[in-house]
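Hello,

Here is the structure I promised to pass on. My notes on its salt bridges follow below.

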Amino acid sequence: MTDTSHKITDQMLVERVQAGDKQAFDLLVKRYQHKIIGLVGRYVHDHSEALDVSQEAFIKAYSAINNFRGDSAFYTWLFRIATNAAKNHLVARGRRTPVLDVDIDDALLHDENQRLVEDESPEAALETQELEAVIKQAVQDLPDELQTALCLREFDGLSYEDIAVIMNCPIGTVRSRIFRGRETVDQKVAALLSGEPV
């Protein structure tokens, strides 16, 4: 039997859920649970709490599914629900709500370099850790709007269109924020590599 689940679009599944098919929602959960847990984990660092908040986000999405009209991608809609759930969780527990508290271990840069890590010498591993720390700090030091735009693009792989929807601003503004964010991070990394104080 051939697996055809990858050919079924999110919109098709949403329409099935809206028609009363609960199993179709299970497929959406399976499709996005790891991304949503990873997203929530950037806000809620306790893993068991992050799992609870992720589950809560899916429950909210299921409850509100009839309001989804397809104006944006399903994942963009789900992303906003999960982000709000994570922020509300932190507020309810009296914690600060970061714009996006990036864990560099989730970053694409780390993923791309993962295959090199196994063969690294202790010196090279130390340099990699130092570089990651500089990148993490550089991202955290960005103004909120630059940090959010950059993280949504680089770490979550969202399109400029989706980011514009999430940030409620024009695509041109999104492109500008991402460019400025990358430029600032690149300058700090270049300073580190040239031996200048960061």
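Let me begin with Arg31, which is partly exposed at a relative accessible area of 32%; by the cut-offs used, buried is under 20% relative accessible area, exposed is over 50%, and partly exposed is in between (1.4 Å probe, protein chains only). Its partner is Asp10, and the two side chains meet in a salt bridge at 2.6 Å, N to O. Asp10 lies in helix 1 (residues 10–18) and Arg31 in helix 2 (residues 22–43), so this contact ties together parts 21 residues apart in sequence. Asp10 itself is buried, with a relative accessible area of 15%.

A word on terms and background. A salt bridge here is a side-chain nitrogen of Lys or Arg within 4 Å of a carboxyl oxygen of Asp or Glu. Helices are DSSP runs (H or I, at least four residues), numbered from the N terminus. Please keep in mind that this is a predicted model: local features need pLDDT of at least 70, side-chain atom pairs count only at pLDDT 80 or more, and totals for chains, interfaces and linings use all residues. Residues are numbered from 1 along each chain as its sequence is written, and side-chain values use heavy atoms, leaving out hydrogens and water.

- Lys60 pairs with Glu56, with the closest N and O atoms 3.0 Å apart. Both sit in helix 3 (residues 47–63), 4 residues apart, about one turn of the helix.
- Asp141 and Lys188 meet at 3.3 Å, N to O. This pair links distant parts of the chain, with Asp141 in helix 6 (residues 122–141) and Lys188 in helix 9 (residues 171–193), 47 residues apart.

Best wishes

Note on methods. Helix = DSSP H or I, 4+ residues; strand = E, 2+ residues; numbered from the N terminus.
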